[in-house]
Structures are given as structure tokens and as C-alpha cells.
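The sequence and the coordinates come first.

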Amino acid sequence: MWNICDDNGKTLAIVIKHDFDEPGITFCTPDDYSQQLAYMHHPEGHVIAPHVHNEVRREVLYTKEVLVIKKGRLRCDFYTDDQEYIKSVELVSGDVILLASGGHGFVCLEETQMYEIKQGPYAGEADKTRFKAVDDADLKIVED
């Protein structure tokens, strides 16, 4: 698991690589994130007690989204809030990424299947501002 940060240390994304493995529950996000992400590895017979979630009012100002790469290879490009390119990371089958802040764009490097999980309700085009992607010549790929 690793954080992708901008030059000021602000977390842009949290990546759980497909081969990450820790026993128990590993919370990947701080408590104040509006989208929570955890990895769980429990032995056979482990019980998670039945429960319901209580009504708790929350205020969500920005969409955080989680992508689960089911199959393929995906490049994720990261940008500042001012739409300046920062860096990129490649994701493969089994990887999970929480997009925490800043801007982002994607290029499918192979045929790709993925799941997207984010808060609702969906606000349509009011939820995002589109802008020009980084040129391939300017890419800076982050290695784990």
C-alpha cells in the first residue's frame, strides 16, 4: 500500500497493490475522509458480527472515488487542483486506488475492466470540470 502525493505532501491517491497482504484489518484512509477504504484478511472461521449502520448526518463537499481493477492495465495521471500535471502510476488487475484529491485522468494501456465506487447522489456534469490531458512526452511514471 502506498500514498501518491504532490510536491507539498498532499495525498492525491492511496493505492493498494494486488499483492498487498496483512492480517486483520488495515485502514488505508484517515478517519476524516468522506470515503473510507480498508483491506481485510481474516482466517477461516473469523466472524464479523451482524450489524446495521446508524443514521449519521455527514457533509460531503468533494467526490472521492475508488477504482478496483478487475482486468487489464490502466494509467492514472494526477494533476493539481489548478490542472497542472504532476505524475502518473500504472495499475494492473487486482489493484485498488482511492482518488483523494486533485485532478486525475486515465488511459487504458490494455483492455480494462474496473469497478468505480463513489459517493452519491450523482450530480452529473456539475460534479466535474474537464481539461486537457498531459502529453505522452511529458509523462512521469511512479514506480512502487
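Lysine 118 and glutamate 116 form a salt bridge through their side chains, with an N to O distance of 3.7 Å. The model is a predicted one. Lysine 118 is partly exposed, at a relative accessible area of 27%, and glutamate 116 is partly exposed as well, at 46%. Elsewhere, salt bridges with shared partners connect Arg73, Glu90 and Glu110 into one network.

Across the whole structure, 9 salt bridges are found. One of them joins the side chains of glutamate 110 and arginine 73, at 3.8 Å from N to O. This pair connects distant parts of the chain, 37 residues apart: glutamate 110 sits in the loop between β9 (103-108) and β10 (113-118), and arginine 73 in strand β6. Glutamate 110 has a relative accessible area of 41% and is partly exposed; arginine 73, at 27%, also counts as partly exposed. A further salt bridge is made by the side chains of aspartate 77 and arginine 75, at 2.7 Å from N to O. Both aspartate 77 and arginine 75 are buried.

| Salt bridge | N to O distance |
|---|---|
| Lysine 118 and glutamate 116 | 3.7 Å |
| Glutamate 110 and arginine 73 | 3.8 Å |
| Aspartate 77 and arginine 75 | 2.7 Å |

The cysteines can be taken next. How many disulfides does a search of the whole structure find? The search gives 0. For cysteine 28, the closest cysteine sulfur belongs to cysteine 5 and lies 14 Å away, so the two are too far apart for a bond. Cysteine 28 is buried, with a relative accessible area of 9%. Cysteine 108 is likewise in no disulfide, and the nearest cysteine sulfur, in cysteine 76, is 11 Å from its own. Cysteine 108 is partly exposed, with a relative accessible area of 48%.

In soluble globular proteins, nonpolar side chains tend to be buried together. Here the largest nonpolar core contains 15 residues, and Phe78, Ile97 and Leu99 have the most contacts inside it. Two or more residues each come from β1 (2-5), β2 (11-16), β5 (65-71), β6 (73-79), β7 (85-92) and β8 (96-99). Setting aside residues up to four places away in sequence, phenylalanine 78 touches Ile4, Leu12, Ala13, Glu84, Tyr85, Ile86, Lys87, Ser88, Val89, Ile97, Leu99 and Gly103. Another core, of 11 residues, lies apart from this one; Ile14, Tyr33, Leu37 and Val96 are among its members.

Leu37 is also a contact of threonine 26, together with Met1, Phe20, Ala38 and Tyr39, when neighbours within four places in sequence are left aside. Threonine 26 belongs to strand β3 (residues 24-27). With a relative accessible area of 17%, threonine 26 is buried, because the cut-off for that class is under 20%.

Is methionine 40 buried, exposed or partly exposed? At 46% relative accessibility, methionine 40 counts as partly exposed, because that class covers values between 20% and 50%.

Conventions
Residues numbered from 1 in each chain as written. Predicted model: local features only at pLDDT ≥ 70, side-chain atom pairs only at ≥ 80, totals over all residues. Heavy atoms only, no water. Core = buried A, V, L, I, M, F, W, Y, C linked by side-chain atoms within 4.5 Å. Buried < 20%, exposed > 50% of the residue type's maximum accessible area, 1.4 Å probe, protein only. Helix = DSSP H or I, 4+ residues; strand = E, 2+ residues; numbered from the N terminus. Contact = heavy atoms within 4.5 Å. Salt bridge = Lys/Arg side-chain N within 4 Å of Asp/Glu carboxyl O. Disulfide = S-S within 2.5 Å.
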